[in-house]
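This report describes selected features of one protein model. Please keep the sequence and the structure in view while reading.

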Amino acid sequence: MEATGTDEVEKIKSKFMSAWHNMKYSWVLKTKTYFSRNSPVFLLGKCYHFKTEGEYRALHSFLSRNKLSTDGSNFDKISTEISGNVEEFRKDFISRIWLTYREEFPQIQGSALTTDCGWGCTLRTGQMLLAQGLMLHFLGRAWVWPEALAMDSCDSESWPSSTVRKLTASLEASLTADRDPRLLARRPARRDCDGAERRNELYHRKIISWFGDSPLAAFGLHQLIEHGKKSGKMAGDWYGPAVVAHILRKAVEEARDPELQGVTVYVAQDCTVYSSDVIDRQCSLVDSGRAGTKAVIVLVPVRLGGERTNTDYLEFVKGILSLEYCVGIIGGRPKQSYYFAGFQDDSLIYMDPHYCQSFVDVSIKDFPLESFHCPSPKKMSFKKMDPSCTIGFYCRTVQDFEKASEEITKMLKSSSKEKYPLFTFVKGHSRDYDFASSPLHEENDLFSEDEKKRLKRFSTEEFVLL
């Protein structure tokens, strides 16, 4: 009886915290974000301009500062990915997968928790980064969700939990009296689509289902927490960007869906990417028994300064987010984690996981997609960014990785004012430099002793996330 009583208290506490966080963060979600018409906007390697006059001059200025040529000899694909209006940007942004706090999902094993409100934001931003990598792998960077612009009438009030809706109903009524609630519940009408579009929609849904909040979802919160236990993390603990990078790697390694056997994740060791270790992962045997190469998502945990972010790194961060194979940055401001996906001028564009939505059962046919897509981008000054973050990029082939390593190395050298770059690419294996052998084929323990030491250090150095 005592244990049952404790569980009930935990559930009530969990519901209260969900309501509190939704009230706390919903105002942020509702605030409007303003973009300049005079500067280009970059989103995961694509450039958009909202004004026809002067955009190419602004783009050329940015490329010149970063020593990126527009003649095709260096970063040639950046300058070609230019789109011309606000609607195209909105469609592209909304098409990215948005993963936020959820409530009322199946209880997390070993706890009474049915929500991640207040502690799961970095896991959510890590999920968004991995989701973008999988979207590049299965759908390509050019794909956009056909229903994206139908989200225009479905603003943030569509998704609060029932608890918060009751708590804020009177105030919401006064703020949004002109809004017809029937419009908010309306879902986009089904469209006729061809074979390619049907295939893309199947992958769109499948990728989202891998991040569902259920114990069986390959990259769902439940599975990520199970992998985190191997590094001493528990449900309800705070996670930093570096720890989440290692958890994502383990989750991809352990995924059993045949569709995922062609993807692997590599995490840099002490700000060093060992090229031979990455290529070994790409060239490992696929579980089906066929020899072949895997696509790789490279994750690089870094610090952009000491206690505060060093503004000298701004141009490098911009450069990374300008690459078509970038999958974003797990970062944030102190005490809050965000998924950074782009920038305009000196402001970063991000998606915010701090919004508690109701559980969606992704196992049912035609589950609703709206709550997995964010209708409104947010901006934040680079100066407010916490220095601890994890950078990610995707390479489909070994040749793509080799090209990416060359391009990013040039970018690191051109943007670094210090003697040592933010991170480095080194030829050879980590074992060649007296590091512990690669954990690629470990069987007895998900994390090697060397990894556990690093993760413990990351846990104590990184910021606390609420």
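## Charges over rings

A charge is said to sit over a ring if NZ of Lys or CZ of Arg is within 6 Å of the ring centre and within 35 degrees of the ring normal. Lysine 379 is placed in this way over the face of phenylalanine 35, at 4.8 Å from the ring centre. Arginine 102 lies over the face of phenylalanine 372, at 4.6 Å from the ring centre.

## Basis of the model

The model is predicted: local features need pLDDT of at least 70, side-chain atom pairs count only at pLDDT 80 or more, and totals for chains, interfaces and linings use all residues. Residues are numbered from 1 along each chain as its sequence is written, and side-chain values use heavy atoms, with hydrogens and water left out.

## Aromatic pairs

Rings of Phe, Tyr and Trp (its six-membered ring) pair if their centres lie within 6.5 Å; planes under 30 degrees apart count as stacked, over 60 as edge-to-face and the rest as tilted. By this rule there are 19 aromatic pairs. One of them joins phenylalanine 35 and phenylalanine 89 edge-to-face, with 5.5 Å centre to centre and 65° between the planes. Phenylalanine 35 lies in the loop between helix H1 (2–30) and strand E1 (41–43), and phenylalanine 89 in helix H4 (residues 86–95), so the pair ties together parts that are 54 residues apart in sequence. Helices (H or I, at least four residues) and strands (E, at least two) are DSSP runs, numbered from the N terminus.

Buried means under 20% relative accessible area, exposed over 50%, and partly exposed in between (1.4 Å probe, protein chains only). Phenylalanine 35 is partly exposed because its relative accessibility is 22%, whereas phenylalanine 89, at 2%, is buried. The rings of phenylalanine 367 and phenylalanine 372 have centres 6.2 Å apart and planes at 80°, so this pair is also edge-to-face. Both of these residues, phenylalanine 367 and phenylalanine 372, are buried.

In strand E13 (residues 388–395), 8 of 8 residues are buried. Ser388, Thr390, Gly392 and Tyr394 lie on one side, and Cys389, Ile391, Phe393 and Cys395 on the other. In a regular strand the side chains alternate between the two faces of the sheet.

Two strands pair if DSSP finds at least two bridges between them. Strand E7 (residues 295–303) runs antiparallel to E13 and is joined to it by 8 bridges; strand E8 (residues 326–333) is also antiparallel to E13, with 4 bridges. Phenylalanine 393 in E13 is the bridge partner of valine 298 and of cysteine 326. Ring pairs also link Phe393 into a cluster with Phe316, Tyr325, Phe401, Phe423 and Phe425.
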